[in-house]
Amino acid sequence: MTQTSKIRTPIVCVLGHVDHGKTSLLDKIRGSSVVDTEAGAITQHIGATVVPIDAITQMGGALSKLTVSIPGLLFIDTPGHHAFTTLRARGGSLADLAVVVVDVNEGFKPQTIEALQILRNYKTPFVIAANKVDRIHGWRVQENAPFATTFAKQNERVQGIVETKLYELVGKLSDLGFNSERYDRVRDFARNIAIVPTSAITGEGIPDVLMMLIGLAQRYMTENLAMSVEGPGAGTVLEVKEERGLGTTLDVILYDGTLSVGDEIVVAGHTQTITTKVRSLLKPRPMSEILIEEKFERVKSVTAASGIKVAAPKLEGVIAGTPLRVIRGENRDAVVEQVMNEIQDIQVTLAEEGVVIKADTIGALEALSKELDSQGIGVMKAEVGPVTRHDVIETGTIKNPLYSAIIAFNTPTLPDAVDALMETSASNVSIFEGGVIYKLLDDYVEWREEKKR
Ligand code: GDP
Ligand code: MG
């Protein structure tokens, strides 16, 4: 397929409850590269995998007839909410699209529900992979087949079970306020979420998941995607890592423009921006060159969307989840200011009266505050970092007893903060800790209801 316009590759995140099959799904998508030598080039990036459009259309899922103008899909390799909420870009999430994986035999679990809430907040289009269909008793495996092909080969009893399980998912989604349907019955993708039955182990239904993602990208995002692959690079730092012989490096997902060796870049530390020059850009070596001593291959330049390791001086202290921007031409001050704004501009609306929230990342803090906001609960203070003594003392001064609470997501409470809870001025303070936003909120709301009595 020839590429007519310069549309960048949409970025896809995989979310869902633990053990429902996120990693397996990504592995399967990556694995098909080995099989598909002709369509070839499913390339491994730093922190990501790119599946080119030819490889996808060749798998022959539903929508094969679609005229496709996007170059492929870039899957972020760190599955889970962490990647999703940490990776901000353009004031929203880095991901353009998402796949929510749910074990069809177990149904929705807390993290599935949380994933859905996060996606709703960010208005991110997504598909649901109703995974592990091969576990249904009596299932006959058709390796890597599109769902329609494999479904037709199942006996009536198995087909009946599939339908029943899907209806259960549709019902549950409806309770949560989402309209959904089996993907091949969806007429209007703007109104209905598509559910694709899959097996991350046998590969059944995977072609359809990829097709649905392409369809969503084509219909709802071409405008965003048309942004540019030229222009100065913009990306998000996925991880900050020490590499032998390279010093501190950044694993970056470049979502816009071009990044080249020698480019001046701006990245973000805790409180200030850091300006430096790209010394080298590194990609993982292809499997075939595995015997070569060096782990990475050096490249001169990359374009969006891609995952790349950046080596440069002064990278110690950069925070994961923050932006990376290329300075080119006269836009220097503006770019530095934008990065500064992005780190300051934690998109949390603070209320005069409310709880104190803490989280491990800016993205998580945002997700938590959005959820509180949607439930009409105010936030008085929002910060990245552990719960400190100062937080406890400050919360102790809150007059309204319903708000004398600290909600801490994925972040510890420091020992002296625990000690502070014993002091009389802070004796009314409660701390809610946890790794699931929706569970944290439930705990807080329950506590609040009890206080009201
Ligand atoms: P994650 O925690 O969501 O990343 O889940 P994993 O991908 O690690 O999968 C958890 C377990 O379920 C592993 O033992 C997988 O082999 C298994 N698993 C995942 N997907 C499927 C599937 O479609 N069919 C079957 N039979 N097992 C699966
Ligand atoms: Mg996993």
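This report describes a predicted model of a single chain, from its overall make-up to selected local features.

## Basis of the model

Residues are numbered from 1 along each chain as its sequence is written, while chains are lettered from A and ligands numbered from 1 in the order in which they are written. Because the model is predicted, local features need pLDDT of at least 70 and side-chain atom pairs count only at pLDDT 80 or more, whereas totals for chains, interfaces and linings use all residues.

## Overall make-up

The chain contains 13 helices and 24 strands; these are DSSP runs numbered from the N terminus, with helices being H or I of at least four residues and strands being E of at least two. Of its 453 residues, 47% are buried. A residue is called buried if 20 or more other C-beta atoms lie within 10 Å of its own, exposed if 12 or fewer do, and partly exposed in between, with C-beta atoms placed from the backbone.

Among contacts with a separation of 6 or more, 73% join residues 24 or more positions apart. Two residues are in contact if their C-beta atoms, placed from the backbone, lie within 7 Å.

## The largest nonpolar core

The largest nonpolar core has 124 residues. Such a core is a set of buried Ala, Val, Leu, Ile, Met, Phe, Trp, Tyr and Cys residues joined through C-beta atoms within 7 Å. Helix α7 (residues 206-220) supplies the largest share of this core, 9 residues.

The residues with the most contacts inside the core are Val12, Val127, Val196, Leu213 and Ile253. Neighbours within four places in sequence aside, Val127 is in contact with Val99, Tyr183, Ala194, Val196, Val209, Met212, Leu213 and Leu216.

## A parallel sheet of four strands

An open sheet is formed by 4 strands in the order β22-β21-β23-β24, with parallel pairing. Strands β22 (379-384) and β24 are its edges, each pairing on one side only; two strands pair if DSSP finds at least two bridges between them. Direction ignored, neighbouring strands of this sheet are turned by 15° against each other on average. Axes here are lines fitted to C-alpha atoms, for helices over the stretch in contact, and angles run from 0 to 180 degrees between N-to-C directions.

Strand β21 (residues 355-359) is joined to β23 by 4 bridges, one pair of bridge partners being Lys358 and Ala408. With β22, β21 pairs over 5 bridges, again in the parallel sense, and here Val355 has Val379 as its bridge partner. In β21, 5 of the 5 residues are buried, so the strand is largely enclosed by the rest of the structure. In a regular strand the side chains alternate between the two faces of the sheet. Val355, Ile357 and Ala359 point one way from β21, and Val356 and Lys358 the other way.

## Helix α13 and its surroundings

Helix α13 (437-452) packs on this sheet, touching β23 and β24, and its direction makes about 155° with that of β24. At 1.5 Å a residue, the 16 residues of α13 should span 22 Å, and the 23 Å between its end C-alpha atoms agrees with this; the expected span is 1.5 Å times one less than the number of residues.

Ile437, Leu440, Leu441 and Tyr444 are buried in α13. Seen down the helix axis, the buried residues fall within an arc of 95°, so they line one face of α13; the arc is that of the directions from the helix axis to the C-beta atoms. These buried residues pack against α4 (110-122), α10 (362-374), β23 (405-409) and β24. On the other side of α13, Glu446, Glu449 and Glu450 are exposed.

## Loops and backbone features

Val436 lies in the loop between β24 (430-434) and α13, and it counts as partly exposed because it has 18 C-beta neighbours inside 10 Å. Residues up to four places away in sequence not counted, Val436 touches Pro110, Gln111 and Glu114. Val18, 418 residues apart from Val436 along the chain, has its C-alpha atom 12 Å from that of Val436.

Asp19, in the loop between β1 (11-16) and α1 (22-35), has a positive phi of about 75° although it is not a glycine. Asn410, in the loop between β23 and α12 (415-420), has a positive phi near 55°. Asp19 is partly exposed, with 14 other C-beta atoms within 10 Å, whereas Asn410 is buried, with 20. The peptide bond from Ala304 to Ala305 is cis, with omega near -10°, and Ala305 lies in the loop between β18 (301-303) and β19 (306-311).
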